[in-house]
Each structure stands twice: as structure tokens, then as C-alpha cells.
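Work through the following exercises with the sequence and the coordinates open. Each task is followed by a solution in steps.

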Amino acid sequence: MKHLIPDHILGLFKSSGLKPLQIKGREILPIVQGGMGVGVSAHKLAGAVAKLGGVGTISSIDLRRLHPDLMKKTQYLLPSDHSKAVINSANIEALKREIQLAKSESDGNGLIAVNVMRAVKEYTSYVECSLENGADAIVVGAGLPLDLPDLAADYPDTALIPILSESRGINLLLKKWEKKGRLPDAIVIENPRWAGGHLGASNVEDLNNEKFNFDVVIPQTLEIFKSMGVEGKIPLIAAGGIATGRGMLAAMTLGADGVQMGSRFAASTESSAHDEFKRTIVETGEGDTQLTLKELAPVRLIKNKFYNDVQELYAKCPSKEDLENLLGKRRAKRGMFEGDLVEGELEIGQIAGLIHDILPVETIVDNIMTEFNFAKNELSNFEF
Ligand SMILES: Cc1cc2nc3c(=O)[nH]c(=O)nc-3n(C[C@H](O)[C@H](O)[C@H](O)COP(=O)(O)O)c2cc1C
């Protein structure tokens, strides 16, 4: 087992009572920074998390926006198939650069992962680019990546990590992957009621289904592992609404081996989100966010004019096309990357009241481990 946690963190890590996460023969911190689209999690954030021994995740979506030379080449193209191809190749070039920069910033610690959404057209090209350019892990959400073992057949050392929300999907994926001779190196279990980003449920009402609860999915998944004879081999990483060491302890008490946090790291110094969006995250209080979108993938949004427009549009029963026009990814870019708090889409998890400051990644990771230790001691003093 290769230890990829740096010495200056090891002392605090050991005294926190946390166990390392083991992925592909490597021991790392059980803290995963989730991939966050439209430029929120790029090399600076992913590299900083990995440098401390955790998993830093680059989101593969539209990364050209972080590279002025690539933007210059692509921003004024008129819509056409040729323009799409030019934009795609700029995004691939940007992804390549981002992986290389993140790896060099990590000093060889932790893991550098790339998040790719199964549902996007560029899925295959983003996965191939990540594999070719040395990403340590490919993390796939927004759909069942049944073909990922085929795409990664020539890369046995790259960790493959699907994001799923309920045990039926996990069972299906495990059975299909088993036939291909490869199992996931970890599974992220993302609770759609609490997580930030676009969520794995067909509509908002479905999100209340108890099949998504951590205390249902985690034990069911452990049972599936047992029936397949792979118990203890595939770490489970809980995601959604976790922003503190206390939340981490709750997830681990239910059987998770690690946690993935998105919103907490979106409001870090190293995140590439706009400062206005970061400020809004730390100011978000109870009742300021709401799950929305029925026909398209549900998402939790900070309530602003864009959110009100979405609600109004829904009331008029629009076509899927009208919705897509209003909700295109440009709105997410406008909100989270450009800081338009009025017209932009502001995605966030259910973390109201848990994040108070924009902090450097190192302070966030230190705080999480200290809080975990404190909460663990509190629990052991509690009489049931
Ligand atoms: C602003 C934002 C953008 C996100 N974008 C993506 C994405 O592109 N792909 C993805 O799989 N998950 C995405 N997520 C989900 C995160 O990776 C993570 O699983 C989630 O934020 C966990 O919930 P939390 O925010 O409550 O910690 C996003 C989350 C946020 C907050």
C-alpha cells in the first residue's frame, strides 16, 4: 500500500480517529472534493486538496473558459457543426492542461480525479483524454456508466468511480461490470435531496423517496457486496449535505468509508467560482435554497431571480425545449463563474448554516478532521 498523505497532515489525521481510504493500492484521506461544473473545480482546487492527501476532482465541463488563449479562439464562433468541433477540441486541450497542472500542484500526494457526466455528448472524449493524460481516477455521475470498463480497458491502474444514488442502480452496475471483469474502485453514494449539482432522480417529488436515504442505501449496498463476495473491497463515499466533521461522522457511523463534499469546497479560496458566488454560499441561511426542475434533472438552487423565472415558467407548463433554452449551461456559467447573482443559476447543496467563511483548503481539511475528532469524543461520552 502506497501512503499518499503528507507528513505535516499525518499527525492531525492519526489523532482524529479517521481511517485512511484505500483506492487502487493507495492510502489517502477519506475526504473527496466533488467535481463542480462550469469551472468551479479546476486544477487549483483539485491540486490543493490532493496535495493534502485527499481526492481532488477536476470537473471536465467547458474548461476552455479558464484558458484565455482557448477562449479567444472559440468565443465568437457562430453556431455550426464546425464550431462545435472547434469548441470540443479547445475543451479537450484545456482538460489536458488542467490534469497536468493539478498533478504538478499535488506534489504526488492524494489522487487527481476527473469528473465526467455520463449524460453529456462529449463523455467518451473526456474520459479518453483523462485516461491518456494520467488522471488517477475517473468519477462518472449523471447516468449509469455501464461502458466505463470498456473505455478504460487499457488503463488498469486508473481508479473507476461511479456516482449513484440508490441500491438498484448500484446492483445493476456491479453485475454488468463484473461480467466485464472489473469492479468499481469506490462508489460515491450521492443523496439527491441534499447534494449540490444536478441530481440523480427523475423529478423533485421522487427525491422524498426513502430509497435515497443514506441509512437505506448504505446497508443495502453492503448486503449486495456480501452476496457478491466483495465485502470490504469497494469503499463507499457518501455525498450530499456534508460540510463538517460532524456530518462526516454521521455518514461513517452508517457505514461510509469517506465523504465527498461539493459546496464546502466551492466556497474555498482555491475554488475557481466567482467571489460573489462564494460570498453567497457563506451567507446562505435556512430557507434560502430550494429544489426545483421537474422534467429536467432536479437541482437545488439559491433563490434569486433566475430561480423565480424557472418557477414561473413551470407554472405555464412549457415545452422541454423552452425549458432547455432558459436553463442552458450558460446560466450556470453566468451565476457561478461570472458572479451574476440575479440572472445566473446558483447551484448548491443543503448546507445552509454550515459554511460560515471562505477558507483556504488546508484550513477546511484541518477543521473537518478536528471537528470529526471532537464529535467522535462527544459520541463516546454519550449514554444510550
Ligand atoms: C456548484 C456545483 C456544481 C456541481 N457540478 C457537478 C458536476 O458537474 N458533475 C457532478 O457529477 N457533480 C456536480 N456537483 C456535485 C458535487 O460533485 C457533489 O457531489 C455535491 O456537491 C455534494 O453535495 P454538497 O454540495 O452538499 O457537498 C456539483 C455541485 C455543486 C455545488
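The exercises below concern a predicted model.

**Exercise 1. Which strands form the closed barrel, and which bridges join β4 to β11?**

Step 1. Follow the strand order: β4-β5-β6-β7-β8-β9-β10-β11 make up a closed barrel of eight strands, with parallel pairing. From one strand to the next, the twist averages 25°.

Step 2. Look at β4 and β11. Strand β4 (residues 31-33) and strand β11 (residues 258-261) run parallel and are joined by three bridges. As one example, I31 has V259 in β11 as its bridge partner.

Step 3. Helix α2 (residues 43-51) lies across β4, β5 and β6, at about 170° to β5. Helix α8 (residues 214-228) lies across β9 and β10, at about 155° to β9.

**Exercise 2. Determine where the buried residues of helix α1 point and what they pack against.**

Step 1. List the buried residues of α1 (residues 7-16): they are I9, F13 and S16.

Step 2. View the helix down its axis. The buried residues fall within an arc of 55°, so they line one face of α1.

Step 3. Turn to the face directed away from the buried side, where the exposed residues D7, G11, K14 and S15 are found.

Step 4. Find the packing partner: the buried residues of α1 pack against α15 (361-380).

Step 5. Check the residue that follows the helix. G17 comes after α1 and has a positive phi, near 85°.

**Exercise 3. Is I302 buried or exposed, and which residues does I302 touch?**

Step 1. Count its neighbours. I302 has 22 C-beta neighbours inside 10 Å, and the cut-off for a buried residue is 20 or more, so I302 counts as buried.

Step 2. Leave out residues up to four places away in sequence; the contacts of I302 are then T280, T284, D288, T289, L346 and I348.

Step 3. Compare with L291, eleven residues from I302 along the chain: the two C-alpha atoms are separated by 9.0 Å.

**Exercise 4. Describe the shell of residues around the ligand.**

Step 1. Take the total: 32 residues surround the ligand, and the closest are G34, G196, G197, G262 and G349.

Step 2. At least two residues of the shell come from each of β6, β11 and α10 (263-266). The largest share, three residues, is supplied by α10.

Step 3. Sort by residue class: the shell divides into 15 nonpolar, 14 polar and three charged residues.

Conventions. Residues numbered from 1 in each chain as written. Predicted model: local features only at pLDDT ≥ 70, side-chain atom pairs only at ≥ 80, totals over all residues. Buried ≥ 20, exposed ≤ 12 C-beta atoms within 10 Å, placed from the backbone. Contact = placed C-beta atoms within 7 Å. Helix = DSSP H or I, 4+ residues; strand = E, 2+ residues; numbered from the N terminus. Arc of directions from axis to C-beta. Pairing = 2+ DSSP bridges. Axes fitted to C-alpha atoms, helices over the stretch in contact; angles between N-to-C directions. Near = placed C-beta within 6 Å. Nonpolar A, V, L, I, M, F, W, Y, C, P; charged D, E, K, R; others polar.
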